[in-house]
Amino acid sequence: MLGLTACEARQPPVAVDKPAPAASAPAAGPAYKRAHSPTLAAVRKRGYLACGVNPGLPGFALPDVHGQWRGFDVDICRAVAAAVLGDANKVRFTPVTAQDRFGALQQGRIDILSRNTSWTFARDAGLGLDFAAVTYYDGQGFLARKSLGLASAEELSGARICVQAGTASEGNLADYFRARGLNYKPVVMDSEEEARRLYENDGCDAFTADVSALAAARSVLNNPNAHAILPDVISKEPLGPVVRQTDPAWTDIVRWTVYATVLGEELGLTSRTVEQARETASDPETRRLLGVEGDLGPLLGLSKDWAFQVIRQVGAYHEIFQRDVGQDSGLKLDRGLNALWNAPKPGLLYAPPMR
């Protein structure tokens with residue numbers, strides 16, 4: 001045993017591999033060259049944003065008595081103009097029908113489509129387009145005369161139902177009745193206005209569209225109080241601006257413009273207080289959003305104060321909602337799903353952090 005111990009003692013020590021040196025951490029800040037946006041370059045060269053909107057949907061896109069476009073979707077485009085050009089008024093609005101809206105974008109006649117358009121799989125994956133963000137969480141419903149005494153859409157079996165051609169509503173309507181084994185007669189019209197007029201003139205028993213569009217339609221009927229939106233919501237309709245898929249940098253610009261309005265509300269900013277907040281805010285995220293510190297704007301190819309301009313000129317999300325479709329408007333829609341995620345009555349509205 002003593003001999004063995006001596007032999008073991010004379011064995012060379014076992015080599016132990018040293019750990020490989022750790023890879024060096026990337027330098028702080030962007031490690032890539034910012035992507036070029038052909039759309040941003042074109043907008044700046046011509047001096048205005050080309051925006052496609054609904055030809056006439058109260059609360060969302062409608063010229064006023066002076067010919068000025070007003071509405072929720074209009075304000076989304078104005079916010080983008082404020083972000084990229086520094087002036088919310090540098091927008092030219094192009095009315096586009098439901099049938100022509102995607103073609104207008106694909107062919108480059110508009111830079112952004114902001115027209116109560118639902119984000120669906122087929123549209124996102126099959127048209128060469130991107131939905132930048134959800135600006136309004138909606139769902140399809142039914143408008144009917146109170147005199148019919150309807151309590152549910154399931155009582156519409158055998159009814160004539162007006163619906164606009166070329167919309168998700170047309171397919172959703174067919175799916176809803178087929179899934180329940182109910183019969184109905186679709187009355188398909190080319191435009192929302194035609195469908196609404198036919199409904200008002202008793203050409204159909206009910207009118208189906210997104211609930212927000214039904215509220216808009218009811219607001220301009222001769223006797224709005226004679227009509228009710230039934231409680232059934234038969235689909236999910238996330239609405240938002242659409243851009244070309246070939247320009248991801250432009251998609252980011254539109255997306256973060258929307259998020260800037262949401263973060264503005266979350267951080268307690270308004271168009272009236274944002275200038276003072278820029279001078280006095282101590283919260284780091286507020287300071288980054290308003291361009292007081294950090295260089296986030298240049299990552300999008302924008303100025304440091306791009307989000308400040310959005311909120312100052314157009315407003316935070318709650319201001320846009322309130323004046324266009326909320327309690328200060330003719331539609332008087334509740335926030336519902338479109339409330340902030342951390343509101344007393346939480347909704348779905350949520351923006352990634354500004355950092």
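**Cavity, pocket and sheet**

Mentor: Strand β11 gives the most to the lining of the largest cavity, with four residues. Strands here are DSSP E runs of at least two residues and helices are H or I runs of at least four, numbered from the N terminus. Bear in mind that this is a predicted model, where local features need pLDDT of at least 70 and side-chain atom pairs 80 or more, while totals for chains, interfaces and linings use all residues. Residues are numbered from 1 along each chain as its sequence is written, and side-chain values use heavy atoms, with hydrogens and water left out.

Trainee: How many cavities does the search find in the whole structure?

Mentor: Three, counting those of 30 Å³ or more. On a 1 Å grid over the protein atoms alone, a cavity is a set of points where a 1.4 Å probe fits but cannot get out; a pocket is an open set with protein on both sides within 12 Å along at least five of seven lines, and lining residues have an atom within 4 Å of a point.

Trainee: How much space lies in the largest cavity?

Mentor: About 220 Å³, where a volume is the space filled by probe spheres set on the points, which are joined across faces, edges and corners. It has 19 lining residues, and N116, Q164, T167, S169 and D210 are the closest to its centre. α6 (168-179) and β11 (206-210) are the elements giving two or more residues to that lining.

Trainee: And the second largest pocket, what's its volume?

Mentor: About 250 Å³. Of its 15 lining residues, Y136, Y137, D138, V211 and D334 are the closest to the centre. Strand β7 (residues 136-138) gives the most to this lining, with three residues.

Trainee: Switching to the sheet: in what order do the five strands come?

Mentor: β10-β9-β11-β8-β12, an open sheet with mixed pairing; two strands pair if DSSP finds at least two bridges between them. β10 (185-189) and β12 (227-229) are at the edges with a single partner strand each, so one side of each has no neighbour in the sheet.

Trainee: How does β9 run against β11, parallel or antiparallel?

Mentor: Parallel, with two bridges joining β9 (residues 160-164) to β11. I161 is opposite A206 in β11.

Trainee: Which strands does helix α7 touch?

Mentor: Helix α7 (residues 192-200) packs on the sheet and touches β8, β9, β10, β11 and β12; contact means heavy atoms within 4.5 Å. Its direction makes about 150° with that of β11. Angles run from 0 to 180 degrees between N-to-C directions, using lines fitted to C-alpha atoms, for helices over the stretch in contact.
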